[in-house]
Every structure is written in structure tokens, then in C-alpha cells.
Amino acid sequence: MTSSTTHDFDIVVVGAGHAGCEAALAAARMGADTALLTMNPDSVAHMSCNPAIGGVAKGQLVREIDALGGEMGKVIDATGLQFRMINTSKGPAMHSPRAQADKDDYKREMRARIEAQENLSLIQDLVEDLFVSGGRINGVGCRSGKQFRCGALVLATGTFLGAVLYRGRWRSEGGRIGEISARKLSSGLEEAGIELGRFRTKTPPRVDGRTIAFGRMEAQYGDPVPRPFSFSTASLDGEQAPCYRTSTVQRTHEVIRKGLGDLPAETAKTVGSPRYCPSIETKVLRFADKESHPLFIEPEGRNTVQYYCNGLFTCLSAEVQDEMIRTVPGLENAEIMLYGYGVEYDYARPHQLWPSLESKKVGGLFLAGQVNGTSGYEEAAAQGIMAGINAARKLNDLPALVLERDEAYIGVLIDDLVTKGTEEPYRMFTSLAEYRLLLRQDNADRRLMKYGYENGLVDPGRWSALERKEEKIGQLWAHLESHRLNGSTLAKMLSRPETELKDLVEAFPELRRFAVDEEVCEQVEIEARYAGYFERQRRQVEKFKRSEQIKIPRWLDYDSIPELRTEAKEKLSGVRPLSLGQASRISGISPADITLLMLYIEGRKRGG
């Protein structure tokens, strides 16, 4: 009989950040009896850093999460303070939604959805031990003495593994201010054969809005007609809050340079990381010739006076931060409510994962989020929903769902992690997606909702709405291609930059019955305008898929291929690619290595 300290679940998710929330919700909605373990239930989906969702490439990730049946898009729609579409002066592949969040409302809303979810239990405890037997995960042990047995485990521990906080000469164990570190779990992972690395990141100070001179800054407003993140949100109502732009000045940089001299040696050597979310110290040192750096002063909620100083990430002492911030235009009298600080933490090197995000060392163990070396809520949530889906599919003896690079930004994210690894916190950019014109934020539902529906994460109503949308797109296209003006089809005319769909509707009133849905019109107009570019990328995708279709057996012994270089053998053995295409993307693998590998595989197929 099970003791009162032992509890059985199908799936256990460790960590209730953005990755853990999506993983737990996905698993529970797929019918798995799921436990979501967290050190602090009040910190569910907490925004430790920037109180915002989306942005360049990150907005595409959120729309993809929503198309798969995830929750992040719905929650930000319900709690956002300001909504903007970024990069609208560029082509549609670069358009990215972003929203300023009410961070307290956001986590309350996400927690409410988790607590209301069938098959999901939110439990407070600190996981300290992993139970592994026969190369498979069996459960976890907690500080309370409780044990949670499971068929699959999703580890989404964020920045809490072996974490240390630091500011100036002050250092303390902790994953963020006011919360403890998960130190013993790092040892458990290493005992299970998981190789860990060490990363660092920094946060900015938060200031009292009552002490800010907003009139000395440039106000930035949301879109007049904001666009929702979720395909299920009809519209966004409510007053939007402004953000503000200012910048550092030369005096700011002088204070920072002086403050660097007070840092202890072990802190000073961390100033240069990470590259894609650099500290203000890094920017001042790396770009010494720049007279200023932009800063964005952003509200953290409707019911707080606290503002976030985006761009002022720092680990300088509190005294230096006070002096530094008062050199910034508009912040001359600002009072800091929460000082910036650095976090140093363990992460699991992601080349140790299969594309399903399951560990190669420990069966049934899935890892998602910052524990895999990524940065950002959106990257974490994207991994979380995929880990949750694949954990549930594994328990049902179903093949893993793996999104390809030509299908989703999520596919690019995970493939980069498991194929190339990362030596600095990974951040998604549009430039990382080879087929970004096909992976736009506006068509995420058309690309991915089928997977959400097949896995029970998208309800029949949403699926039917997408089917009706596809039908309307087809009808409008058919009409444009079957009608002519001056020898050209209307579809051909729409491909010209000077022609818009509304112009054709005015000239041909019969189009009005087809062109009534804004999203339908948008899809048709984009497809017509960029038809030549789409065709070129589709040909590239066909070439890409040919190499992806050449599968490599998991059991292949690369040391048995004598012609391969020693470096190639080591890299291929470390990543264990599943296809020739994936092998070609491993850093350090040459075209000659790929040719040898292909010849060897073909020879094995022929029995040679």
C-alpha cells in the first residue's frame, strides 16, 4: 500500500515558471494525471525580469504556442497593459507582436487557469533528488520527505539550479531575490550523467514612478487598434498605458566605469555576459565611443507605481546604482524600489537531448526552458509545451512530435539547441530562421493548429473556425484567379506593390462577399504580394527535406567509420543526429564528413 509520503502521477513537472506552466497544462489536457511542483505557488509564471511578452521573433513564438493550444497568448491578452506590432515598416516576415504586461495580473491569471485545469495538481515543495533506475526516471524526492513517482518528468527549473545572486560585493544563494537555490538537484543531475554548464544574467533596477519626470522622456504608445496574441481572442479592449524612452549620458558612463573598480574579482570577470541581453556595464565597455545607450521605462502593473528600467541591466553596488540612475534624463530624482542584481546558475548542455527534449541519458526525463541554456519567457514556454506534449505522447507509446525548421520558429529553437548546443544564453532572432518568410506571426494557426488539435489541445470550435477561414481564403483566391482586367488576372494585379485588395474590391463590388474577414484578406494579400519569394523558399524547403529524410540510426557507432576525422567522430557521437540534415548543422562538421556518412549509411542499407 502507498504510504502517505509517496504519491503517484503519470507526469511530474518541476518548476512553475513559463516553461513549467505550459508543460503541465499540455500534459494534463492530454489526459495525463500531472503534478506541478514549485517552491512557491505565489511565483507561478512570475516575470523575474522584463514585464513583457513578445517582441522580435519572440512574438512569433507566442503565436505558435497559441496555435498548438498553449496558454501564454491568452493570458497576455487578458492582462496586457500595452500592445504593439513591431517592425511594421518592414516586410511581413519581420512583423512581431509585443505586449507590456501587468506582471501581477499575469501570474494570477495563469495560476487561476492552472488551478482550474482538470488532471493537474499544483503542489508546493522543493525537489532535491531524482530517482533513476535502469536508465529511466521513476520520480523525485522532496525536502519535505515526500516522494512523487511518475512515468515521465519535465524539469523546468529556470535559473534556480545551484544559483547564486550577486550585487557589488554582496553574494547570496538564490534563484531570484527572496527565493532559495535548488542546489542539491544539480548534484542529482550530474549523478544521472547529465553534463552541466554555468551561465550568468543580470536584472535592472525598478524605480518609483512618483519620482520620475516623464515630461523629460519620449512617450511611446500602443497601437490604436491592437492585435491579440491568441487566435481565440476576438479583440482587445481597455485603456493602454504608455511606456517611455530616455537614454544614458556621458556622466552615466563615468559613474559606471568608476563603479566597476569596486567589484570583487569574481564578479568583475562576469561583466561581459550574456551577449544578447548585455548589462549596461558591458555596453559602456564594449562601445566606449558611444555617447549614449537607449533606455525604456516601462510600467509593471496597473496597481503599482513600480517601473522597469529596460536596458539598465546591472550588478553594480546599490550605492553606484543610486548615483548612476540619477544621471539619466527624467530620472534625476528617481528612487530605486528594487536594485538590479546578477544571477549565476547551472544549466544542462542541450546537445544531451533528443529533438523531443527527452534526455539521451535518462529515459522519460524531459528538460525545458532556461535549464537548457535559453533566455526569455517565450523561448521557455515554447520548450515547455513541446516537452509536455512529448512526455504525454511517450506515456501513450506515440512517436514524439518534432517540429521542423521549415514549420515553426519553435522547430528552429529546439533544433539549434540540440544540434549546436549553446555557450551563452540562447535568444531567438528572426535571422536564425532560414524560412522566416513562411514562418510569419500571421499564419501560425495555419501552420501548427493541426498538431494542437490532433493532441487534444485545441478544442473543436477553434478547429472549425480555422477550417472556415481556410475555406474563405480558397474562395477569395479562386475569384481573384478566375477574373481578369486588361488581360491580367486580379491575383496577378494584386501582386503589384501599387495595388491593394481594397482597390480591387472598390473596382469589383462582387468581391465584397468574399473579402469581409480581415484575417482572410491579410493572408491573400501577403500571399499574392510575395508569391515569388514564397516559391523560392518552398524550393529551398524541398532541398532541405531531402537531407532530413535520410535517417541515421541511433545505434550507429561513428568510431566504426575509419575515414571520418577524429573531431567529426567526437561531435557526431556527442549529438547523435537523427538525420543527415541534422548532422550537417553540427558545428565543425564539414561537407566531406557528410558525404562519407551518407556513403556509409547507403552501404549499410545495401548490406555492404
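Biologist: How many disulfides are there?

Modeller: A disulfide is a covalent bond between the sulfur atoms of two cysteines. With a pair of cysteine sulfur atoms within 2.5 Å as the rule, the count is zero. Cys21 is in no disulfide, and the nearest cysteine sulfur, that of Cys142, is 17 Å away. This is a predicted model, where local features need pLDDT of at least 70 and side-chain atom pairs pLDDT 80 or more, while totals for chains, interfaces and linings use all residues. Residues are numbered from 1 along each chain as its sequence is written, and side-chain values use heavy atoms, without hydrogens and water.

Biologist: Is Cys21 buried or exposed?

Modeller: Buried means under 20% relative accessible area, exposed over 50%, partly exposed in between (1.4 Å probe, protein chains only). Cys21 has a relative accessible area of 0%, so Cys21 is buried. Cys521, at 15%, also counts as buried.

Biologist: At what angle do α12 and α13 pack?

Modeller: Helices are DSSP runs (H or I, at least four residues), numbered from the N terminus. Axes are lines fitted to C-alpha atoms over the stretch in contact, and angles run from 0 to 180 degrees between N-to-C directions. Helix α12 (residues 444-454) and helix α13 (residues 460-482) pack at about 150 degrees, with axes 11 Å apart.

Biologist: Which residues of α12 make the contact?

Modeller: Contact means heavy atoms within 4.5 Å. From α12 come Asp445, Arg446, Met449, Lys450 and Tyr453; the α13 side includes Trp463 and Leu466.

Conventions: Helices (H or I, at least four residues) and strands (E, at least two) are DSSP runs, numbered from the N terminus.
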